[in-house]
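Please examine the sequence and the model shown below.

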Amino acid sequence: MAIAKAERLMNLALCLLGTRRPLSKRELRESIEAYLEAGSDDSFNRMFERDKDDLRELGLVIETVENLDGETGYLARRDSNRLPPITLDAEEAAALGLAAKVWQQARLAGAASGALQKLRAAGLPEDVDPYGAHGALEPRIPVHEAAFEPLMLALRDRRPVVFDYRKANAAQPGQRHVEPWALECWRGHWYLAGWDRDRGAERVFRLSRITGKVRSRTGRFTVPVPDVVTVRETVASWAGESADRSARIRLRSDAGYPLRAKATAVRELGDGWDELEIPYGHGLDAWLVEFGPDVVVLEPAELRADVVDRLRAVAKG
């Protein structure tokens with residue numbers, strides 16, 4: 001249905017932009033197949049008014065003109081809907097070029113490549129390297145989760161979604177009804193922040209734990225979307241980035257390098273084990289589970305219990 005509506009809006013926009021005189025509702029209905037298939041005049045009128053409002057919301061300037069016979073007509077003059085020339089200096093074009101390059105490994109690679117070509121036409125000089133001073137370093141955002149694209153589209157269109165989600169300490173996935181706010185990447189993992197309707201609270205979901213298809217739903221959001229800074233702080237907290245205390249763990253000497261990078265103290269224990277003191281915040285238990293038998297939690301007791309519960313849930317399948 002989303003594709004059918006997009007096609008209908010495109011056809012209406014082309015008709016309004018392509019005419020030299022105002023077109024009446026009757027003429028527009030005869031020119032657009034979707035309007036011809038409308039069951040009644042009332043259905044067509046409601047559909048047309050919604051489409052006209054949607055096009056105006058998207059920025060199309062539609063004029064309403066009354067002819068000598070008193071009939072109302074519509075048109076979108078090209079001079080009123082033409083964007084001014086876009087000019088970019090080398091720094092601006094290079095920054096946008098770098099942003100386009102980031103997505104080369106994602107499913108957005110085709111769109112990003114096309115955008116980069118348009119940037120060239122808009123002022124990105126051929127001799128400007130989008131990487132600039134980054135040299136051999138090539139920025140990439142890996143996107144392997146199938147849920148990323150439907151969630152991104154739902155974010156864009158402000159549509160609620162439904163998906164099955166497997167918590168780290170749960171044997172079976174459960175259904176979630178979510179109003180998506182933002183997608184954020186932390187420690188190489190993608191997270192969705194949004195409003196969980198079933199729990200009546202904000203939640204963060206790791207995309208790799210979404211099972212099955214993400215299904216969009218009709219209707220509006222029930223709570224306001226917070227600003228992007230607040231959303232990022234929420235993701236950081238749930239991803240374990242905000243720590244207010246410390247934890248002690250045992251770690252195999254040849255494993256857990258991401259944990260070692262976070263450690264505030266490291267002590268060799270011998271027999272192939274080290275003792276680490278690491279920041280302890282929300283989500284640390286889920287992160288430690290990923291290292292399996294290479295990690296043993298010493299303290300605090302509640303963290304140890306959480307990790308054991310998660311491991312037992314994984315063992316049960």
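The points that follow concern a predicted model and are grouped by topic.

**A cis peptide bond**

- The peptide bond that joins Glu299 and Pro300 is cis, with an omega of about 5°.
- Pro300 belongs to the loop between strand S12 (295-299) and helix H11 (301-316).

- Arg158 is a residue other than glycine, yet its phi is positive, near 55°.
- The loop that holds Arg158 runs between helix H7 (148-157) and strand S4 (161-165).
- Arg158 has a relative accessible area of 41%, so it is classed as partly exposed.
- Asp271 likewise is not a glycine, and its phi is positive at about 60°.
- Asp271 is located in the loop between strand S10 (265-270) and strand S11 (273-281).
- The relative accessibility of Asp271 is 79%; because exposed means over 50%, Asp271 counts as exposed.

**Helix H11**

- H11 has 16 residues, which at 1.5 Å a residue should span 22 Å. The C-alpha atoms at its ends are 23 Å apart, in agreement with that expectation.
- Leu303, Val307, Arg310 and Ala313 are the buried residues of H11.
- Viewed down the helix axis, the buried residues of H11 fall within an arc of 125°, and therefore they line one face of the helix.
- Ala301, Arg312, Ala315 and Lys316 are exposed on the other side of H11.

How values were computed. Residues are numbered from 1 along each chain as its sequence is written. This is a predicted model: local features need pLDDT of at least 70, side-chain atom pairs count only at pLDDT 80 or more; totals for chains, interfaces and linings use all residues. Side-chain values use heavy atoms; hydrogens and water are left out. Helices (H or I, at least four residues) and strands (E, at least two) are DSSP runs, numbered from the N terminus. Buried means under 20% relative accessible area, exposed over 50%, partly exposed in between (1.4 Å probe, protein chains only). The expected span of a helix is 1.5 Å times one less than its number of residues. The arc is that of the directions from the helix axis to the C-beta atoms.
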